[in-house]
Each structure stands twice: as structure tokens, then as C-alpha cells.
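Please view the sequence and the structure together before reading on.

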Amino acid sequence: MAAAAFSSSAPSPTSPSRLTNVSSSSLPSSLSLSRDFHKAQLQAQFKSSPRRNLCVCASSLPPSDSVVTLLDYGAGNVRSVRNAIRHLGFQIKDVQTPADILNADRLIFPGVGAFAPAMDVLNKTGMAEALCAYIEKDRPFLGICLGLQLLFESSTENGPVTGLGLIPGVVGKFDATNGFRVPHIGWDALQIAEDSEILDEIGNRHVYFVHSYRALPSEENKEWISSTCNYGDTFISSVRRGNVHAVQFHPEKSGDVGLSVLRRFLLPKSFPPKKPTDGRASKLAKRVIACLDVRANDKGDLVVTKGDQYDVRENTEENEVRNLGKPVELAGQYYLDGADEVSFLNITGFRDFPLGDLPMLQVLRNTSENVFVPLTVGGGIRDFTDSTGKYYSSLEVASEYFRSGADKISIGSDAVYAAEEYLITKVKTGKTSIEQISRVYGNQAVVVSIDPRRVYLSTPTDVEFKAIKLTNPGPNGEEYAWYQCTVSGGREGRPIGAYELAKAVEELGAGEILLNCIDCDGQGKGFDIDLIKLISDAVSIPVIASSGAGAAEHFSEVFKKTNASAALAAGIFHRKEVPVGSVKEHLWKDGIEVRI
Ligand code: 1PR
């Protein structure tokens, strides 16, 4: 979860003083809930909420079999959960008052963001009390991600911060010292207890996690545990007691397996107790990501394009932008083909104002209706002042992307400027886009996309940046190179190396690195193993290898020779040379765990 700059001393909702006495007119609408949340997040300090002496009374609204009540406090991308619920044929009723919680027939709580501001909103709005009352009555409940963590007594996330206190235990951060990368991002395997019910179709198949904090099993909470997952240590991946369920993974992002979890929660009586399963998941899978470089062509249509070393124009007299298809259609196809994630890079975002790019936001909205794996979007994420003089922070730009369906945002040029300044001043100002966005949405939501170019050297001491000995010497027999970062889609080289940049952005709060290589882009000759090894050994956050894939073997090579957590490709998928499924089959046969 997010590393937000808050701490809390909110009263324990399990204490007798937590019962509320609120008239519904004094309670905020979902809109003001959302506003409250953002205010809470953006305030420099978290103040403890006043103790309440309130009583929430349930009214007797008629139940409806096709309505799901959703508790969305406006902290991030709940669009995917909404889309998944609608995809399964249900309507959504948003919680606006605590009474809506108490009146729910089934309640889904997709916790998003950081623990402290979430608890702050729940306490301030009386939702905490209503949630506890609802759960204590064994009403149908499904918490997702932070929606699981908040059920515990407390969290160390910028805390200690008091939670709802329904499950014994403290939520703590993963230990990154034992070689496991934090955040825990990707598709992992579960060890499922006998009577898990909503997990019955998962079996040995992977589900998607993205978090830095987790709860550990103990004697005190063992009766709650319905599954565990092993990532460095064994943590609680789901809990269940009666009709109350919560999962640390994201069912709405776990493809058809994840949809089965939601379906079984929503329609518990419609399924046989256990279905046979055919998966073979045993640990965190290496991810295969399909990337769509998107831009407007000369006619103004948004198209998927693909460059050769970042040149996306055809080598013809017209010199038009290469057009490889429509973004929403291609993304949908890659989802069906088994891509573990889909990335959209708005490659001209650096010169346009992304919030003015409504087609791109629409692409995200439409894609997220049918694609139930994580979506990343990049391009143009930075502070911006428009032609009327109105200022938008990078956080506002990113928020719009999240609201439109993105799970992660990717920062390119702006990360380079931020890292350059940080390396000079050694001061974290809290104002860079990386810091602003990771503070509110968590570092797992912030990818930094690096666009380096090889600069050959005769000796490694020729530059002040990290240089490495090359496996294959340069065109003039040079044995060394450094990797110079660029901005504006490779158009401008900057005085910083990929190594220095990667380490700086990790310190600033990036949760993942998308590592391109301009020399290899579109060449189909394989990934730059030297570069990917250099960077994936230098940082402890996940690294996505990118640029140069031309065959399934290139994916095995990068996973065998480097510590990359994922590999991304564009051209071979767009040109249908090697489908995603064949890449994964190949990896599996080669002994590399992937989600099949
Ligand atoms: O600088 O924050 O606005 O972000 C711009 C984003 O757009 C960056 O992530 C940058 O990588 C990307 N970008 C800018 N110009 C181009 C271009 O191609 N002219 N695309 C571009 C970069 C690189 C990869 C590509 C892989 C795999 N694309 O994402 O998909 O190299 O390709 P391959 O498998 O065909 O070899 P900002």
C-alpha cells in the first residue's frame, strides 16, 4: 500500500465509544467522501478524528438480488471493480451514508491508497462504525486489498495507525532485505484452505497482487485465514469467516480467475462447492506485458504506432505515422491472448497537455470495461500550466488517469528532471511528480519509464556515470558504454545515466522501472541484457525489461540472465509474429514460471 505522509491516533472503532448517532443529512455524499479523502491525503498532517457518540440505524429498504453496494471513498481506481461487477450483470449502489452500509445486501469494499487516510475518512464519516456493525452481524462482505488490511488492529504504514480491529494482528511492510522485491507486484500462487468457497475456482492458478504491506498469520488470527501466499515470508492472502470475506489480491485484475472470485461472492448459492482446477502456479510468475505506443496520426486519429529506435514514421514520401491498429481493440485482444498487463504510452504526451487529450482518457475508460488485468498509462505526466494560466499538478494529471481506469502511471521525462535535481541537491522536496503521486496512490502505482541510449567508451573512466563492459563491443571495437537518459521521446540526451536515474527514482518513491533501450527498440534482436542486468541488480523495486524482443527465446534469455520481473514487447505482438500465448508456452517449457 501507499507510503503516505500521515500518522494516526484515531480511536479504536472496537471501543465502546465508536457507536454513532448521526442524522443522515449531516453525512457527506460520495462526492464529499471523495473530497474528504483527498483532503485527508493532501494535508501535511493527520489529526486524530474526534471521538464520536453516535448511533446508526438501519432502515428497511427492499433487497434487490442484482444490486451490489460499493464503498468507494474516492481514493483511486475503483473503476475496474465497478466494471467487473457490471460485467457480471450486477448494478452498483454507492454508499453515501453509514446507513447504506447497514442496509446493504452485499457490500464490496475495494480499499485503495494508504491505510491512514482511509481510516481517517472512515472514522470521520461514521463509516468505520457502520462497517464493524455490518461485519459483526455476518452480512455478506468482500474487502479487497486495503479493504482486507483495514480489518486488522493496526498498520505500521506511516504509523502505527489504528484499524477497524476486527481481526487480530498488525499489518507491516514486506522485508526487502531478503532479496524479494518490494512492492510485491505480479501474479502469485495461493495456498488455499479447505472451505474458502469464493476461491474455489482458483486452485493452482495465479492471481494478481500489488502491495507493499501485508498481515502475517498468527495463533490469534488463524481462524480467519482462508489462504496464504509466500513471498519472502508467508502472509495472509485472504480471510473468511461466515459471509465475511476479504482478499489481499485484486480479483478485478486477475483475469477470468479473478472474475470467478467475484461471481462466487455475488452468487454464492449458484455454484457447486468445488470445481476441478488445472493450474500449475507455485510462485510469483514472470510477467509478459504488451505495450501500445499511442499517438494521433496526421489525420488526428489516435493509433497504435511502433518505431524503429523511436522513429515511428514510415519510410515513404508521405512520411506518415506508422499505424498498427486501434488501441482499445488491440488491448482487448492482448488480454484475451493472455498478456499479464497492458501498457499505453502516449508518446507525444511530453508536448501536449494530457488532460486535454480526451481520446486517450476515453481509450482507458473503454479498455477497462473489458480488460481485467492491470493497465499502465504513461506520457506527459508532469506539472502543467495551460494556455489560460491554470495550473495542474502532476498529481491531478495522474488522478485523472487513475479515474479513467489506469492502475499504474508511468513517468518518463519528468522523472529525469526530478532525478537530476535530486542528485544535485540530495533533498527530497516532496514536490516532484514521483513523490506527489506515490504519497497519495502508493509507490506501487508509480512506474518510471527510462529511455536510455548507449554511449560507447574506450575506457570506463571516460565519464562520471556508471559505465559497464559490454558483452558485444561497439561499432569501433569499444569495450565499454554508459547509458545516457533521454527526454521527450529520445529527442534530447541528458547529463544522467540510466543507473544513476534508477537509483534516484527508487529513493524518490517509484515502485517499478520500465527499462527501454533506444538502440534495441524495434530491432527484434533481443533485449539489452547488459543494461537490464545492470539496472535490475542496482535497485530492489521490480524492473520491466523492454525493447528488442523478436522471438520467444529472447524472453527466456532476459529472465535467465537478469533479475527482470517482467518483459515487455510491442512490435512482435502488433505484427502478429509471435503471439503472447506462444511466448508464455515457451517460457513455461523452459522452466520459467508464468501465468498460463
Ligand atoms: O516523457 O513522460 O511524456 O513519457 C513518454 C513515454 O513515451 C515514455 O515512456 C517513452 O518511453 C515513450 N515514448 C516516447 N517516444 C517514443 C517513441 O517510440 N518515439 N516510445 C516512445 C517508447 C518504447 C517501448 C516500446 C519498446 C518495445 N516506446 O515502450 O514499446 O521498446 O518495443 P519492441 O518490442 O517493438 O522493440 P513522457
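The account below takes the ligand, the pockets and the cavities in turn.

**The ligand and its shell**

The model is predicted. In it, 25 residues surround the ligand, and the closest are Lys306, Ser413, Ser449, Asp451 and Asp521. By class, this shell divides into nine nonpolar, 12 polar and four charged residues.

| Residue | Atom of the residue | Atom of the ligand | Distance |
|---|---|---|---|
| Tyr310 | backbone N or O | nitrogen | 2.8 Å |
| Asn516 | polar side-chain atom | oxygen | 3.4 Å |
| Gly522 | backbone N or O | oxygen | 2.8 Å |

On its own, the ligand has 760 Å² of accessible area, and the protein covers 99% of this.

**The largest pocket**

Which space does the ligand take? The ligand takes the space of the largest pocket. This pocket holds about 800 Å³ of space. It is lined by 49 residues, of which Tyr310, Leu345, Ile347, Asp451 and Gly489 are the closest to its centre.

At least two lining residues come from each of β15, β17 (341-346), β21 (408-411), α11 (413-425), β29 and α16 (571-574). The lining of the largest pocket comprises 15 nonpolar, 23 polar and 11 charged residues.

**The second largest pocket**

The second largest pocket contains about 470 Å³ of space. Its lining has 20 residues, and Arg454, Asn472, Cys520, Phe527 and Asp528 are the closest to its centre. The elements β23 (452-457), α14 (529-538) and α15 (552-561) give two or more residues to this lining; α15 gives the most, with three residues. Seven of the lining residues are nonpolar, six are polar and seven are charged.

**The cavities**

The structure also holds four cavities of 30 Å³ or more. About 330 Å³ of space lies in the largest cavity. Among its 23 lining residues, Asn77, Val112, Val210, His250 and Asp407 are the closest to the centre. Two or more lining residues come from β3 (107-111), β4 (141-145) and β10 (207-211). The lining of this cavity has 13 nonpolar, six polar and four charged residues.

Technical notes
Residues numbered from 1 in each chain as written. Predicted model: local features only at pLDDT ≥ 70, side-chain atom pairs only at ≥ 80, totals over all residues. Heavy atoms only, no water. 1 Å grid on protein atoms, 1.4 Å probe; cavity = no way out; pocket = protein on both sides within 12 Å on 5 of 7 lines; lining within 4 Å. Points joined across faces, edges and corners; volume = space filled by probe spheres on them. Helix = DSSP H or I, 4+ residues; strand = E, 2+ residues; numbered from the N terminus. Nonpolar A, V, L, I, M, F, W, Y, C, P; charged D, E, K, R; others polar. Near = heavy atom within 4 Å. Polar contact = N/O pair within 3.5 Å; in protein donor to acceptor, adjacent residues only side chain to side chain. Areas by Shrake-Rupley, 256 points an atom, 1.4 Å probe, with all protein chains shown as cover. Sits in = over half its atoms within 2 Å of the grid points.
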